[in-house]
Amino acid sequence: MTFVTGLTIHKLGTISPSSFVKVASAINLNHIEFDPTVFDDIKEVLKVIKAKQTTLHAPYVEDYGVDLSSKQEVVERFVKDINSNKMHLNIIGVVIHPPMDAGGSLDLFYDRIEQLPLPLLENMPYQSWDEFLFFVEETKAHVNCKLGICFDIPHSFIQNGLEFLNLPEYCLDHLKSPKGYIHLSGGSRYEDTHFPLITEGELPLDKIKTFLRDIKFQGTITLELAPRNLKDINKIFRSLSIIYSIAGNKRKKLQLIVKRPFIMRKIRTLPRYSDSESFRRE
């Protein structure tokens with residue numbers, strides 16, 4: 001079983017995305033999922049990025065105050081930034097939540113989806129598979145482009161409990177392709193914590209490992225982790241090591257073990273960055 005492993009990277013407090021990209025480059029990370037804050041720092045990111053591919057996570061109301069249906073100019077700028085940088089970043093897809101802006105427009109939502117490279121519709125916590133498939137079918141009916149899915153494992157765990165890996169055939173077909181895309185983190189049964197895999201998470205990793213092998217997964221797994229402080233970075237490296245073991249990637253795991261002490265020292269000296277117009281709400 002061979003698949004691509006990556007991490008989410010975004011601005012953390014006053015630490016810029018490019019500072020974390022330097023760390024990702026030092027450990028030869030093959031994939032990065034950015035949030036919209038990457039475009040606050042895009043010039044520096046492009047100087048240091050070495051990942052072979054990236055994805056973007058579109059803004060959503062809970063954390064950003066807007067989504068792809070919103071009428072604000074900041075969303076238009078996000079779409080333009082993606083298209084201006086999709087070749088430089090090798091963007092293979094954009095993760096998208098259902099629209100939740102009460103003042104938004106579904107026409108805008110569908111129009112913007114059509115402008116993005118491979119929209120990846122993501123299943124939500126407290127959303128049944130029937131509801132998710134309805135969202136997919138409604139979107140397919142209103143856009144003239146191919147759609148993929150982002151299977152968020154912790155989201156399904158919250159909604160479906162120990163049946164979290166019983167997916168509809170439509171979703172399984174997408175996951176079995178080379179473009180299959182998965183979010184993974186150490187979530188709890190009732191809260192989407194985005195913890196590293198070795199902390200308070202309750203997800204049964206053995207079941208996930210068996211599932212990936214059964215479907216011969218060959219796509220991309222993104223560890224969607226949200227460090228609360230710099231100490232969590234070490235736990236993130238340990239999470240990466242776990243996924244490399246599942247993928248049978250001994251070379252990557254060994255590289256990580258060897259480089260981790262040096263990188264942790266480097267992280268403690270990360271330069272600070274502040275931008276009052278950052279997309280993400282602090």
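**Helix packing, pockets and a buried threonine**

Helices α10 and α11 (residues 250-267) pack at an angle of about 170°, and their axes lie 10 Å apart, where axes are lines fitted to C-alpha atoms, for helices over the stretch in contact, and angles between N-to-C directions run from 0 to 180 degrees. The two helices α10 and α11 are therefore roughly antiparallel to each other, a description used for angles over 145 degrees. The structure is a predicted model, in which local features need pLDDT of at least 70 and side-chain atom pairs count only at pLDDT 80 or more, whereas totals for chains, interfaces and linings use all residues. Residues are numbered from 1 along each chain as its sequence is written, and side-chain values use heavy atoms, with hydrogens and water left out.

On the α10 side, the contact (heavy atoms within 4.5 Å) is made by I233, N234, F237, R238, L240, S241, Y244 and S245, and on the α11 side by K252, K253, L256, R260, I263, M264 and I267. By class, this contact of α10 with α11 has eight nonpolar, three polar and four charged residues; Ala, Val, Leu, Ile, Met, Phe, Trp, Tyr, Cys and Pro count as nonpolar, Asp, Glu, Lys and Arg as charged, and the others, Gly among them, as polar.

The largest pocket has a volume of about 710 Å³. A pocket is found on a 1 Å grid over the protein atoms alone, as an open set of points where a 1.4 Å probe fits, with protein on both sides within 12 Å along at least five of seven lines, and its lining residues have an atom within 4 Å of a point. The lining of the largest pocket comprises 32 residues, of which Y60, E62, D63, H97 and D192 lie nearest the centre. Elements that each supply at least two residues of this lining are β1 (4-9), β2 (31-34), α3 (61-64) and α7 (153-160), and α3 gives the most, with four residues. The lining of the largest pocket divides into 14 nonpolar, eight polar and 10 charged residues.

The second largest pocket, with a volume of about 160 Å³, is lined by T2, F3, V4, T5, N30, Y244, A247, G248, N249 and K252. Two or more residues of this lining come from each of β1 and α10 (231-247), and the lining divides into four nonpolar, five polar and one charged.

T54 is placed in strand β3 (residues 53-57). At 0% relative accessibility, T54 counts as buried, a term that applies under 20% relative accessible area with a 1.4 Å probe and protein chains only. Leaving aside residues up to four places away in sequence, T54 touches H31, I32, F34, I49, L89, N90, I91, I92 and G93.

Definitions and conventions: Grid points are joined across faces, edges and corners, and a volume is the space filled by probe spheres set on the points. Angles under 35 degrees count as roughly parallel, over 145 as roughly antiparallel, 65 to 115 as roughly perpendicular and the rest as oblique. Buried means under 20% relative accessible area, exposed over 50%, partly exposed in between (1.4 Å probe, protein chains only).
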